[in-house]
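Let's take a look at this one together. Start with the strands, then move on to the core.

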Amino acid sequence: MEGLLTGLDTFLIAPFRDMASLPDFLLQVVWEGFVSGILYALIALGFVLIYKASAVFNFAQGIMVVFSALVLVSLFDLGVPAWLALIITIGVMGLLALTIERVVLRKLVNQHEAILLMATIGLTLVLKGAGQLVFGGEPKSMITEELGLSTGSTDWEVFGGFVIFQHIDIAAAVIAIIMVAALALFFSRTRIGRALRAVADDHQAALSVGISLNQIWAIVWFASGIVALVTGIMWGARSDVSFALEIIALKALAVLILGGFTSVPGAIVGGLIVGIGEKLFEVYWGPMFGGGVEAWFAYVLALIFLLFRPQGMFGERHIERV
Amino acid sequence: MSANIDIAGMSNSETQTGAQAQADAKEVLLSVDNVTLTFGGVKAISDISFNINKGEIRAIIGPNGAGKTSMLNVINGFYHPQKGRISYKGKTRKRMKPYHAASSGIARTFQNVALFSGMSTLDNIMSGRSLKMKRGLFWQILHVGPARAEEIEHRAHVEKIIDFLEIAHIRKQPVGKLPYGLQKRVELGRAMAMEPELLLLDEPMAGMNLEEKEDMSRFVLDLNSEFGTTIALIEHDMGVVMDLADRVVVLDYGQKIADGTPSEVQSNQRVIDAYLGVAS
């Protein structure tokens with residue numbers, strides 16, 4: 001009985017006591033979590049875009065992040081000015097979207113979703129191979145300052161302590177919020193937004209009302225290419241640009257299960273829950289598990305969601321009549 | 001009820017009354033000339049010619065596997081025939097893309113209902129207006145001025161269709177949840193939203209009970225007489241075909257075996273053989 005009570009205390013109450021005793025530290029932890037949450041949300045957003053338009057989980061999203069960042073950095077290394085390199089990279093992502101539509105998707109109209117998923121796995125391998133061939137396997141560092149993003153930090157005095165805000169993190173948050181707002185408006189207000197949903201539901205029917213599949217697919221792949229580029233710049237600035245970045249895309253899967261595959265707000269909220277949740281859990285509960293909880297927290301959360309709310313927080317519930 | 005709705009100004013073709021439609025009934029809207037469609041070695045359609053006059057209800061009938069749906073798919077550009085030509089509104093094309101078919105006024109429904117199941121009835125029908133929305137993306141995002149007015153105008157049109165089809169009560173429901181008969185009606189609504197000149201209906205009554213069939217027949221007739229829409233329909237229920245159609249073309253094993261008014265077709269020996277089998 002005594003043991004149980006101490007156990008309950010260490011697990012359920014002590015962490016909150018710790019939080020309350022050092023509020024500035026808590027704030028720092030939440031901020032760190034918020035920023036990684038925003039970045040998870042950005043990756044998840046790339047998935048949502050394509051999922052909305054084709055009901056396909058785009059396996060290649062992670063490698064697109066790496067690919068776009070590598071193109072940008074390598075162009076700069078070749079002596080191209082940073083701003084020009086950025087514009088060219090956007091062009092390259094556009095070209096990639098058009099190529100994917102033409103070479104891969106156009107042949108697969110009216111095919112089962114599983115076939116499209118397999119196609120994106122194939123695409124991942126092609127992009128990875130091509131990327132390693134062209135850019136080599138060495139990690140590169142992101143040209144953060146050259147792009148006009150500050151690498152400094154600002155201290156904020158609060159609760160008798162300091163909270164440190166990295167400028168790059170602030171920039172990431174602001175850019176992510178702008179992108180999210182733009183995409184949300186795009187989906188809810190434009191005829192293309194409505195058409196996207198239609199395309200995801202039924203190819204033939206969409207064609208019959210005059211929606212051009214080719215155009216829609218090129219648009220969403222380009223948009224998710226741009227999202228990938230922004231993600232690549234932001235993650236690259238925090239660590240470096242290497243093929244290991246591809247792995248973070250897997251965390252976005254957990255985010256999507258939380259938020260729902262078809263929801264833009266879901267991607268954001270899911271991203272923030274995973275980001276902030278895993279940081280808090282790591283810092284305050286981590287020691288009880290011997291640390292390293294950040295690596296699996298997101299997936300456990302996703303599993304719990306799958307059990308109780310498989311469509312996610314904001315996902316649409318599809319009812320199928322049999 | 002449906003006869004009373006305001007149809008003025010819905011589209012130019014709709015100002016035509018039933019009587020006028022009869023008067024220029026001889027004007028050919030679509031003609032199919034010597035069309036052959038093969039999949040690998042299998043001939044789905046061989047050397048078929050027929051035409052559809054403006055303002056008529058044209059039925060395409062035939063036993064299972066006769067090539068009826070393939071014929072519709074050729075007309076609306078899903079399939080490209082290996083041989084033959086299709087002329088629509090005087091223009092002849094060898095290949096037509098679904099997008100061009102849709103933008104030149106051909107709408108259709110599908111044999112197995114093809115709706116956007118996650119979307120509401122209203123959104124499904126609105127999607128039929130996608131080609132009519134002209135304002136730029138920028139204005140749509142801002143949702144002000146002309147784009148807003150445009151959205152309202154399309155909404156109004158869609159509401160008229162919802163009234164016409166008597167589906168106001170399911171306006172906001174996701175169509176995936178609706179019973180089959182209503183889904184078919186929503187699908188017809190989406191096609192109507194395109195204000196088509198030629199409407200292709202692939203088995204609009206399949207799987208319906210008698211009452212639903214009567215409703216659907218009434219909609220098809222009203223659509224034809226009030227809005228002047230030319231209709232080509234595939235149907236298995238002979239009673240329905242004989243009641244609705246002005247002319248009937250009969251296919252069997254990808255070939256045309258008869259073409260004429262319902263009564264002519266009904267008494268044609270080849271048609272009777274195709275449906276009942278021939279004693280050898």
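Strand 6 of chain B runs parallel to strand 7 (residues 198-202) of chain B, and the two pair over three bridges. Across from Ala107(B) sits Leu199(B) in strand 7 of chain B. Strands here are DSSP runs (E, at least two residues) and helices are too (H or I, at least four), numbered from the N terminus; two strands pair if DSSP finds at least two bridges between them.

This is a predicted model: local features need pLDDT of at least 70, side-chain atom pairs count only at pLDDT 80 or more, and totals for chains, interfaces and linings use all residues. Residues are numbered from 1 along each chain as its sequence is written, while chains are lettered from A and ligands numbered from 1 in the order in which they are written.

## The sheet in chain B

Those strands belong to an open, six-stranded sheet in chain B, ordered 6-7-8-3-9-10 with mixed pairing. Strand 6 (106-108) and strand 10 (255-260) of chain B sit at the edges with a single partner strand each, so one side of each has no neighbour in the sheet.

## The nonpolar core

The largest nonpolar core has 174 residues. Such a core is a set of buried Ala, Val, Leu, Ile, Met, Phe, Trp, Tyr and Cys residues joined through C-beta atoms within 7 Å, where buried means 20 or more other C-beta atoms within 10 Å of the residue's own, with C-beta atoms placed from the backbone. Ala44(A) and Val255(A) are among the members that touch the most others. Helix 9 (residues 213-238) of chain A gives the largest share, 17 residues.

Leaving aside neighbours within four places in sequence, Ala44(A) has contacts including Ala252(A), Val255(A) and Gly270(A) (contact: C-beta atoms, placed from the backbone, within 7 Å).

Note on methods
A residue is buried if 20 or more other C-beta atoms lie within 10 Å of its own, exposed if 12 or fewer, and partly exposed in between; C-beta atoms are placed from the backbone. Two residues are in contact if their C-beta atoms, placed from the backbone, lie within 7 Å.
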